[in-house]
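Work through these exercises with the structure open. Each task is followed by its solution.

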Amino acid sequence: MAVYIGLFLLVVGLALSVRNADYVQFHIGLPTRENKLSRTMDRQRAFNICVAVAIFLLLAGVSAARKAVGNDYWVYRFQFNLIMQNRHVSYEPGFNLVVWVLQSLFGYDCYFPVFAFFSMATAFFFVKAIYDQGEWFGATVFLLMTGGYYYSSLNSVRYYFVLAIAMYAMKYVLRKQYGVFVAWIVFAAMFHKSILVVIPAYLVAYWLATHEIPKFLYGIAGVFLASLVVFKGFYRRIIFFFYPYYEGTVFDKVDFSVTNIAKCMGVLALCLIFYKVIIKDSVPLKFYFFLNLMGLAIYTFGSFIPEVSRIGYYLIVSQIFLIPSVLMRISHKGWRIFWTIGVALAFLGYFGLFLHSAYSMDIRLLPYLNWIFN
């Protein structure tokens, strides 16, 4: 646990030194690059990049050096060998190809380079997404760490790799570069096809963020949510068409996540308090707001979905962008400090519970072992 806590303190400490020079320069509208403020911001940007690279190296290093960490670590190793034997595995072709190439280069049953490759790729997309989209870099990194997203990536290798790509691809929706967005998601689907759900989800959230919502859509949304309760069998048949190997397994169970529902409700409450003065006129914030609302609906009404968090996380990971942007826009200094401390304490509490559960046999992120010293 000391490694995880030490990493958290070091990474967040570094992240808090970053100031988003690109964001400030865009909104100030500097006339030239020659003025003093522009030169100062150029230096800040160079410093920011150095810090972001350092954070990437720290995150990638701890993840890449792990050994026997995660309940699926040895399962992956076994599957790597099956791939090299040209045996059937249930993984997507992109993942199989990467495993085959790396083991062809480093040797049969040489699994450390495979884990290291996906560790570096996942950390890169996490950091790149936060650097590009996080208006308050330090707070966004804090939420990435305390929300458990980074630490969980040491477990479900394929899923968190594509989750990081989903975060990275959000910016293309906001830029209306839909072709680039779809291309990234299709690429990621070659590693975990569950990510395809974000194409309709993100596009719907963006449409809601940019249009006046007709009243009849509220009725349609209500009917859809009710159908999730009434016609569970119908939706389960659709799910098992794509994931037949989940049916009847330990993953095929009702997972009513009180923790994630509470988290979504808390974020929703914060947003509703400041909706009119902060969120209403901001397309990016409304986009993240509706993703959080969709995540709340999935967790509340879709608990019958096997591994429901694999859908839910694609939606609620937007919280790490939404919350800091709302907090930094609170005009009253006293209230801004109050809500910032409240959010920090809530997520630190969640982080403590997460670390405590990491010893569980179905998670096994603790104890942390590595191939350097163990």
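**Exercise 1.** State whether tyrosine 159 and tyrosine 314 are buried or exposed, then describe how their rings pair.

Solution. Both tyrosine 159 and tyrosine 314 are buried (under 20% relative accessible area with a 1.4 Å probe, protein chains only; exposed is over 50%, partly exposed in between). The model is predicted: local features need pLDDT of at least 70, side-chain atom pairs count only at 80 or more, and totals for chains, interfaces and linings use all residues. Residues are numbered from 1 along each chain as its sequence is written, and side-chain values use heavy atoms, leaving out hydrogens and water.

Next, the rings. Tyrosine 159 and tyrosine 314 form a tilted aromatic pair, 5.3 Å centre to centre with 55° between the planes. (Rings of Phe, Tyr and Trp, the last by its six-membered ring, pair if their centres lie within 6.5 Å; planes under 30 degrees apart are stacked, over 60 edge-to-face, the rest tilted.)

**Exercise 2.** Classify the pair of tryptophan 184 and phenylalanine 187.

Solution. The ring centres of tryptophan 184 and phenylalanine 187 are 5.9 Å apart. Their planes meet at 85°, so the pair is edge-to-face. Tryptophan 184 is partly exposed, at 24% relative accessible area. Phenylalanine 187 is also partly exposed, at 38%.

**Exercise 3.** Find how many disulfides there are, and check cysteine 271.

Solution. Count pairs of cysteine sulfur atoms within 2.5 Å. The count is 0 disulfides. For cysteine 271, the nearest cysteine sulfur belongs to cysteine 264, 11 Å away. Cysteine 271 is buried, at 1% relative accessibility. Cysteine 50, at 54%, is exposed.
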